[in-house]
Amino acid sequence: MNWLILIVVFAVILAVSFAALNFYLVRKLKEGNERMQEIAGAIREGANAFIRYEYKIVAIIGTCIAAVLALVISWETGVAFIIGATMSAMAGLVGMKIATYANVRVANEANETRNTGKTLKVAFRGGSVMGLCVAGFALLGIIIVYLIFGVAEGMLDVTANSVATKINPITKQSYGLSLILSGYALGCSVIAMFSRVGGGIYTKAADMGADLVGKTEAHIPEDDPRNPATIADNVGDNVGDVAGLGADLLESYVGSILSCAILAIELFTHSATFSSSTLYAKMVLFPILFAGIGLISCVLGIAFPLIKRKLSDNPHMELNLATWISAGLAIAFGFLLCFFFFKDETQLAEAGFKAGFLSPWLAAAVGIICGIVIGIISEYYTSYDYKPTKGIAKASKEGPALTITQGMATGMISCMLPVICLGAAIFGCYLIGGMFGVGCGAMGMLCFVATTVSVDTYGPISDNAGGIAEMSGLDKDVRNITDKLDSVGNTTAAIGKGFAIGSAALATISMMSSYLYSFQETLSLNIISHLVLVGALLGGALPFLFSGMLINSVAKAARSMVGEVRRQFSEIPGILEGTARPDYKRCITISSQGALKEMILPAIVSIAFPVVCGFLFGPELVGGILIGATLSAIMLAIFTGNSGGAWDNAKKFIEAGGVAGAGKGTSVHDAAVVGDTVGDPLKDTVGPSLDILIKIMSTVSLVCVAVFANFNLMSLF
């Protein structure tokens, strides 16, 4: 069966090669005039400096975690952790690099052609590098771990209806392939947490400082070169919305694949009715193969708009087309995979397959459909083509208070339909394929992640292009093109966040099943147990604590930025007249120092909280924590992502002339800017970090449960 791995290897090579080609083609394009090159160079320099310092800090913390895992769990788990962290860091770095090269080329393309379709193609080509690297590097790491530890070390071997295990010489606890795969997922999660939190704090501190002083006080345009925070704001787009986004969705992608494979291992080990070793091996390999054919589908979907002779002036339609092609091909190829892979198996019922050999495919299709529906719902609540966001824009006529109130209401209302969709998907996947079916649903939801990330990354590239156009003094027509692309990018980003939190919910449920099997033989947790109830309460409160810490961190950094911008306006004569040059580097330094300082505590809390509780109170309380945290984090993530996206696009709706008598410089626009500023840390820092929170907690709990199930304070009483 190992020859089938060649499909995944081919997919990885194809994706990474296509990414390298697109990187080269973007770099070949002209950068524009000297002023544009100077601004792009400053953005590139700031982004490189921040990511370098961030990765130094993460490397120190990651090395400590890997050492602990190697000692307490197994050396293989520690090595897998390092591989996962490396792949995640590489994807974020490559994506950030191409974004800092593509932004100025998008601005120049808009300036030279004045054509939305041609400019869209450059921005999407740049975004595709990130998307293809996210999926390609993630699968490359999984293949390495699978071949080294699963095949070469024999950890996939079956002996007496049980998978091969080893004994840790220090703790005397047994471990198998499931813990090693969990170590890889944890490495991806740790990098994602630091990248999302650090990048999110950076970008929103700069953005809020630039908006609150530049727009609402000085009444100068967005990305005006007179604003000292504007370079820092554009740097933040790259370190937060590109590098952070890539690490985030790579972690989600890996979690969805490995939660399915790990659950197959635990089902075979603990289910008395599941005894087919051949079916077990296929179930472990299936999610990896499905991800491989999904990646091939994405390459074809991404290639379509890039090789299309002429793109229309409707970027939303063109980007949606790439997504639909990728999703449709993934469903079609997935059917063929299931047919040839499972059709000869006669013991499918043992694993809970209610629809025969088609069960994994049907469950994955349910996940894909659920992800698309959640995306459509997110688009309805965040796009200014629809009533909710238009309502927020109109509320701005009455001032910032009603803008914020209306946006909060929209975000809260937007939670219900996605949760109903998630509930229906979980119910349907379970009926089709049991808990393994739920894992397949999560995997299906992100099987075309390369396209999703490509579309998402195109947004901040377009945003940066608009900033460069404004600071370079290019015609308003150029800025109109980039603003149109950026507005679509805000909506696609909200859709991507919907996919991420939806897959996180399904993957966490799969991980939860593996977690329960790790310390008991039955897949159950007594919800009225005092330990589980207390854990659920603590878990429900944790995402609020985590979110509050992130918002406080953004506020601290933003406060310093606001003070610095005001100082420069008052102490450096000639800035507002355009005769003096602002001190851009000082603002970049403030954002960098604030982000690097503030990112550590929230990330450490997410890792340490379940572990400390496990060693104090045991695995049942941690099980309750995972349930409570998952439930509240899902709601908070949807609320923050959709409300923030709606506030942002309400502002853009006003700027596009959607509200009669209102525009830039009016009190209506000022109110919308305040709403957008409130939404900034919600949609770009809190929301994206919450899906990482629940996955990192479930993964670290699964890795450590073998130890704290036997060594905890409660066991002494």
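This section describes helix packing, aromatic pairs, charges over rings and selected residues in a predicted model. Residues are numbered from 1 along each chain as its sequence is written.

Two packed helices are described by the angle between their axes and the distance between the axes. Helices here are DSSP runs (H or I, at least four residues), numbered from the N terminus. Axes are lines fitted to C-alpha atoms over the stretch in contact, and angles run from 0 to 180 degrees between N-to-C directions. Helix α6 (residues 230–270) packs against helix α7 (residues 277–307) at about 180°. Their axes lie 9 Å apart. The two helices are therefore roughly antiparallel (an angle over 145 degrees). Contact means heavy atoms within 4.5 Å. From α6, the contact is made by Y253, I257, C260, A261, A264, I265, L267 and F268. From α7, S277, Y280, M283, V284, P287, I288 and A291 take part. By class, this contact has 14 nonpolar residues, one polar and no charged. In this scheme Ala, Val, Leu, Ile, Met, Phe, Trp, Tyr, Cys and Pro count as nonpolar, Asp, Glu, Lys and Arg as charged, and the others, Gly among them, as polar.

Rings of Phe, Tyr and Trp (its six-membered ring) pair if their centres lie within 6.5 Å. Planes under 30 degrees apart count as stacked, over 60 as edge-to-face and the rest as tilted. The count comes to 16 aromatic pairs. Y380 and Y386 form a tilted pair, 5.5 Å centre to centre with 50° between the planes. Accessibility is given as relative accessible area: buried means under 20%, exposed over 50% and partly exposed in between (1.4 Å probe, protein chains only). Y380 is partly exposed at 35%, and Y386 is partly exposed at 33%. The ring centres of Y384 and F653 are 5.4 Å apart and their planes lie at 50°, so this pair is tilted. The pair links distant parts of the chain, 269 residues apart. Y384 is in the loop between α9 (359–382) and α10 (387–395), and F653 is in helix α18 (residues 619–655). Y384 is partly exposed at 22%, whereas F653 is buried at 11%. Ring pairs also link F286, F290, F341, F342, F353 and F436 into a cluster.

A charge sits over a ring if NZ of Lys or CZ of Arg is within 6 Å of the ring centre and within 35 degrees of the ring normal. The charged end of K282 sits over the ring of F341, at 5.8 Å from its centre. R27 lies over the face of Y101, 4.0 Å from the ring centre.

I65 belongs to helix α2 (residues 34–72). I65 is buried, at 17% relative accessibility. Beyond neighbours within four places in sequence, I65 contacts F81, V190 and I607. L336 is in helix α8 (residues 315–342) and is partly exposed at 43%. L336 and W361 are 25 residues apart in sequence, with their C-alpha atoms 9.1 Å apart.

Most residues other than glycine have a negative phi. R114 has a positive phi, near 55°. R114 lies in the loop between α3 (75–113) and α4 (116–152) and is partly exposed at 35%.

Methods: Predicted model: local features only at pLDDT ≥ 70, side-chain atom pairs only at ≥ 80, totals over all residues. Heavy atoms only, no water. Parallel < 35°, antiparallel > 145°, perpendicular 65-115°, else oblique.
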